[in-house]
Amino acid sequence: IILCAMIGAIFWVCGLHGASIVNGVINPIVITALQTNADLVLAGQAPTEIVTKPFWTMYVTMGGFGCTIGLLIAIFIASKREDDRSIAKLSLAPGIFGVNEPLIFGLPIVLNPIMAIPFVIANITMAIVTYASTYIGLVPVSIGVEVPWTTPPIISGFLLCGIRGALLQIVLLLISMAIYYPFFKMLDKQEVKKESIEKA
């Protein structure tokens, strides 16, 4: 799952639709795992598969590949440039429903060496934190419920795993914001300095 998260993010950074490419590989695995859990529960046994379709869509790629909702929050907090804030405003509504292409291509993250680093790190971190939280029992294993991927964060977590799922998504949002913030701050400073030089 970490490898898929990393490869998908790298494809996005190169301008390719990483989710479509990686999902072709990962969907058969995670959908089968979800069905396995459902079968075990129907048989009166405990579910065993942690990495399922909801695990991938509701946590690892929450709000779109790279968990870029955290980046949107970082932009609203840190940006001194009106163009970045405008892109963030335009990207907010789609981002809430898991569509983050306006931000990926508008900021951009594509072919941007500074923003590529947190984009890849955020995806991997979401996978590790979610797996660890499920493994130690903080969040229940998904047992056959597949919430639509366009369901907004926190609501989707609640529908999937109750209050614990919603709390995990809040934690993931805060982690992603913390990952993106220093990199975006660096990019913002560079752009402000570049604009001041051009004006001079």
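1. The largest nonpolar core of this predicted model holds 38 residues, of which W56, L71, L107, I109, M115 and F119 touch the most other members. Two or more residues each are given to this core by α1 (2–13), α2 (18–42), α3 (53–60), α4 (69–78), α6 (101–106), α7 (113–135) and α8 (155–199). The greatest contribution is that of α7, with 8 residues.

2. Leaving aside residues up to four places away in sequence, I109 is in contact with V13, T68, L71, L103, I104, M115 and F119.

3. Because 8 of its 8 residues are buried, α3 is largely enclosed by the rest of the structure. The residues concerned are K53, P54, F55, W56, T57, M58, Y59 and V60. They pack against α1, α2, α7 and α8.

4. How many disulfides does the model contain? The count is 0. A disulfide requires cysteine sulfur atoms within 2.5 Å. For C14, the closest cysteine sulfur belongs to C4 and lies 16 Å away, which is too far for a bond. For C161, the closest cysteine sulfur is that of C67, also at 16 Å and therefore too far for a bond.

How values were computed
Residues numbered from 1 in each chain as written. Predicted model: local features only at pLDDT ≥ 70, side-chain atom pairs only at ≥ 80, totals over all residues. Heavy atoms only, no water. Core = buried A, V, L, I, M, F, W, Y, C linked by side-chain atoms within 4.5 Å. Buried < 20%, exposed > 50% of the residue type's maximum accessible area, 1.4 Å probe, protein only. Helix = DSSP H or I, 4+ residues; strand = E, 2+ residues; numbered from the N terminus. Contact = heavy atoms within 4.5 Å.
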